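Let's take a walk through this structure together, one part at a time. Keep the 3D view open and turn it as you read.

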Amino acid sequence: MSHIQFRDLSVSYRRPKSDERFLAIDRISLDIERGSFVAVVGSSGCGKSTLLLAAAGLVSLASGRVVIDAAPVTGPGGHAAMVFQDASLLPWRSVLGNVRFGLEMRRWKRDDLTERALRHIRMVGLGDFADYHPHQLSGGMRQRVNIARALAVDPEVLLMDEPFGALDAQTREVMGNELLRIWERDRKTALFVTHDIEEAVFLADKVVVMGRDPGRIKDVVQVDLPRPRSPDMLDSETFVTIRRRLRESLAEDMASLRLVTEGV
Ligand SMILES: Nc1ncnc2c1ncn2[C@@H]1O[C@H](COP(=O)(O)OP(=O)(O)OP(=O)(O)O)[C@@H](O)[C@H]1O
């Protein structure tokens, strides 16, 4: 049985200043294997974040269900940890305090909180910065803290919503490599939203392409590149072929988006 199952999942939101609701995602079904890394791509507004929020139990479902480890997700809980784009750190807490905070929220036993937090801070390469505060860190470092905080609670599922979206291209590449190094240690089931096709192919076992209006799955592409991944794979035939297929899939949506804008 798959680790995460989305079954006929629909989520609706209320339109601003109106009683009308619209479907952000429409009857999505998707299986995610235990220990796999799945990337989700798609044009802006197609419901990528909503899919992650549904897996985290942070949004109510219009219909369908999300099942993790054979249990339906009914609300936020212990099974998943989420990493957002804007490293949502507490500015008044140090790096150690922020990573500890994740553990405190999940009521970990007090005596080993600090040691556990420090272990994860070292794991993301910030061992010398445990006493720093968020404003003293670069964007990449803040995102490392965010990842350490998520991993420290030992979630079964790691949900990442454009975690490197605010970083420059070079830092982004370094962070992608780092993330894989960390992920390969214990292979948490990972769901990773990105706008970047290359990043998606480089990181993932499977790339899910979402389309919009309403949000749905358009394509699922298996990435048959060996692990550990290395930058030279970016030029391999497999990589280039998958990238082309994803570009084509996404281009259709971009074209329809342009038509809508031009019609305004
Ligand atoms: N809380 C909300 N209330 C109303 N509408 C919302 C809410 N959250 C998201 N939406 C709308 O639902 C749709 C899907 O949003 P979502 O954030 O899931 O898309 P996305 O693919 O992650 O977008 P992006 O790539 O731009 O972050 C969009 O039209 C968005 O405006």
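Is the crossing of α3 and α4 left-handed or right-handed? The crossing of these two helices is right-handed. Before going further, keep in mind that you're looking at a predicted model.

Let's stay with that helix pair for a moment. Helix α3 covers residues 113-123 and helix α4 covers residues 139-152, and their axes come within 9 Å of each other, crossing at roughly 135 degrees. That angle makes α3 oblique to α4. To find where the two meet, look on the α3 side for Arg-116, Ala-117, His-120, Ile-121 and Met-123, and on the α4 side for Ala-148, Leu-151 and Ala-152. Sorted by class, this contact has 6 nonpolar, 1 polar and 1 charged residues.

Now keep α4 in view and bring in another helix, α2, which spans residues 95-105. The axes of α2 and α4 come within 8 Å, with a crossing of roughly 30 degrees. The two helices are therefore roughly parallel to each other. The crossing of α2 and α4 is right-handed. On the α2 side, the residues that meet α4 are Val-95, Asn-98, Val-99, Gly-102 and Leu-103. Their counterparts in α4 are Val-145, Ala-148, Arg-149, Ala-150 and Ala-152. By class, the contact of α2 with α4 has 7 nonpolar, 2 polar and 1 charged residues.

For the antiparallel kind, go to β9 (residues 206-211) and β10 (residues 216-222), which are paired over 6 bridges. Lys-206 stands opposite Gln-222 in β10.

The turn linking those last two strands deserves a slow look. In this hairpin of β9 and β10, 4 residues lie between the strands, and Asp-213 takes a positive phi near 55 degrees. Asp-213 is also joined to Pro-214 by a cis peptide bond, with omega about -5 degrees. Pro-214 sits in the loop between β9 and β10. You'll find Pro-228 in the loop between β10 and α7 (237-262).

Now over to another sheet. This one is open, with 4 strands in the order β2-β1-β4-β5 and antiparallel pairing. Its edges are β2 (21-32) and β5 (71-72), each with a single partner strand, so one side of each is left without a neighbour in the sheet. Strand β1 (residues 4-14) runs antiparallel to β2, and 8 bridges join the two. Among the paired residues is Tyr-13, whose bridge partner in β2 is Phe-22. Lys-17 is in the loop between β1 and β2, and Lys-17 has a positive phi of about 55 degrees although it is not a glycine.

Tyr-13 also takes us to the last stop, the ligand. Which residues surround the ligand? Around it are Tyr-13, Ala-24, Gly-42, Ser-44, Gly-45, Cys-46, Gly-47, Lys-48, Ser-49, Thr-50 and Gly-215. Helix α1 (residues 48-55) gives the largest share of this shell, 3 residues. By class, the shell has 3 nonpolar, 7 polar and 1 charged residues.

Definitions and conventions. Residues numbered from 1 in each chain as written. Predicted model: local features only at pLDDT ≥ 70, side-chain atom pairs only at ≥ 80, totals over all residues. Near = placed C-beta within 6 Å. Nonpolar A, V, L, I, M, F, W, Y, C, P; charged D, E, K, R; others polar. Axes fitted to C-alpha atoms, helices over the stretch in contact; angles between N-to-C directions. Parallel < 35°, antiparallel > 145°, perpendicular 65-115°, else oblique. Left-handed = near helix turned anticlockwise from the far one by under 90°. Contact = placed C-beta atoms within 7 Å. Pairing = 2+ DSSP bridges.
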